[in-house]
Amino acid sequence: MTDNIPQLIGVSDSIRQLHEELKQAGRSDAKVIITGESGVGKEVAARLVHRYSARQARPFCAINCGGVPDSLLESELFGHVRGSFTGAYRDKPGLIEQAHGGTLFMDEVGEMSQRMQTMLLRFLENGEIQRVGAERRTASVNVRVIAATNRVLLDRIAANAFREDLYYRLNVIHLVLAPLRARRDDIEPLLRYFVQKFCEQYRLTPPEISREALDALIAYDWPGNVRELKNVVERFIVRGRGDVIMPQDLPAVGGAVRTTTTAAPAPVATPAPVLGFPVSRPSSGQSTSAELFDRIVNRGESFWSAVYEPFMTRDLTRADVRVVVTAGLQQTRGNYKMLVEFFNMAPQDYKRFLNFLRKHQCHMPFQQFRSSEMLRAEPEPQVAAVV
Ligand SMILES: Nc1ncnc2c1ncn2[C@@H]1O[C@H](COP(=O)(O)OP(=O)(O)O)[C@@H](O)[C@H]1O
Ligand SMILES: [Mg+2]
């Protein structure tokens with residue numbers, strides 16, 4: 001929920017036009033729906049609409065509606081009263097109330113259950129909310145709703161998975177974000193921006209970028225879009241030693257790069273390569289650890305929804321969690337603080353994350369990741385010794 005200044009870097013026509021649309025959207029209070037693939041910048045766009053609006057001094061609250069069980073989502077959105085469920089020790093206002101006067105950003109809205117869709121629709125119709133366990137409705141709140149999804153909602157409607165009436169409620173202003181491979185002009189400015197940003201953050205001197213590396217980056221299809229680019233840069237900066245970025249420093253991109261330099265965008269998203277992932281396990285129908293790692297690192301899901309939730313509901317084993325954490329630590333050279341950001345958690349989640357790992361014996365000693373070249377170590381034997 002941090003309200004730092006959002007940056008929309010890019011020089012393509014598509015980004016310029018979007019910028020105009022964001023300003024325009026800021027002038028009204030109309031509901032907005034933002035669509036586009038994962039990692040294209042939907043949340044950045046939502047923050048900018050808020051920033052350009054008269055609500056900018058009021059809160060911007062964001063919630064991810066995907067992968068969250070109904071009961072949790074309901075209490076997060078609408079709040080709850082003390083004693084309404086185990087662990088509800090005190091009354092808690094929901095995000096809708098917290099966003100009063102400001103903007104509520106609902107990400108992955110296409111993933112909501114029918115029940116939650118109905119509750120959201122009711123709120124949008126009358127602005128009233130009822131905390132979980134409360135007897136009465138709370139006074140109505142004034143919140144601007146911006147929703148986002150990487151789904152094609154019309155397809156979801158056709159499949160009876162999304163309410164048509166809710167869709168039309170949300171779809172007053174529709175902003176579409178193009179995938180990065182359809183606006184390759186933005187790759188270089190984004191690259192330079194992220195290099196600068198991470199070098200400042202880690203107090204390192206920015207490396208040069210060789211022509212060859214730049215060409216490889218521009219030719220790559222970026223299935224995970226800007227988020228993937230950002231992660232590639234961060235990983236390089238964290239691990240890198242050279243003064244010049246060469247193509248061989250970018251295995252993620254080089255490994256999957258199209259060698260043709262045709263500028264024609266490939267319309268089909270190729271599955272994101274699972275970068276630097278040390279193990280592969282046969283798929284058992286459930287997500288393998290490698291897939292989980294990919295969802296977090298390349299598709300921007302947070303550790304909480306991709307790993308923590310399924311672990312708590314026993315859909316994942318302790319060994320799965322350890323493998324994901326180990327893979328992350330290999331990228332951050334054993335740095336847990338960095339891992340928090342790398343796994344898309346808020347910095348203030350650091351303590352909670354460590355407590356969780358310790359409690360479930362998934363906390364790995366960082367020293368093993370600091371060895372000279374960090375050859376892809378087999379994670380299992382080392383973690384087995386940890387108590
Ligand atoms: N045009 C852009 N300029 C700068 N950063 C961007 C841009 N687009 C995306 N990002 C960054 O990439 C990451 C993914 O963006 P996000 O808005 O969360 O994507 P989405 O919500 O579409 O999955 C974020 O860290 C965001 O700050
Ligand atoms: Mg998002």
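## Strand β1 and its partners

Strands β1 and β6 (residues 144–149) run parallel and are paired through four bridges; two strands pair if DSSP finds at least two bridges between them. Strands here are DSSP runs of E, at least two residues long, and helices are runs of H or I with at least four, numbered from the N terminus.

What about the two faces of β1 (residues 32–35)? Both are covered: V32 and I34 are buried on one side, I33 and T35 on the other. Buried means under 20% relative accessible area (1.4 Å probe, protein chains only).

## Around ligand 1

The shell of ligand 1 counts 17 residues, with I9, G39, K42, R227 and K230 coming nearest; a residue is near if one of its heavy atoms lies within 4 Å. Helices α2 (42–51), α8 (187–201) and α10 (225–239) each give at least two residues to this shell.

Now for the polar contacts (pairs of N or O atoms within 3.5 Å). A polar side-chain atom of K230 is 2.7 Å from a ligand 1 oxygen. On its own, ligand 1 exposes 560 Å², and the protein buries 88% of that (Shrake-Rupley method, 1.4 Å probe).

## About the model

This is a predicted model, where local features need pLDDT of at least 70 and side-chain atom pairs count only at pLDDT 80 or more, while totals for chains, interfaces and linings use all residues. Residues are numbered from 1 along each chain as its sequence is written, chains are lettered from A and ligands numbered from 1 in the order written, and side-chain values use heavy atoms, leaving out hydrogens and water.

Technical notes: Buried < 20%, exposed > 50% of the residue type's maximum accessible area, 1.4 Å probe, protein only. Polar contact = N/O pair within 3.5 Å; in protein donor to acceptor, adjacent residues only side chain to side chain.
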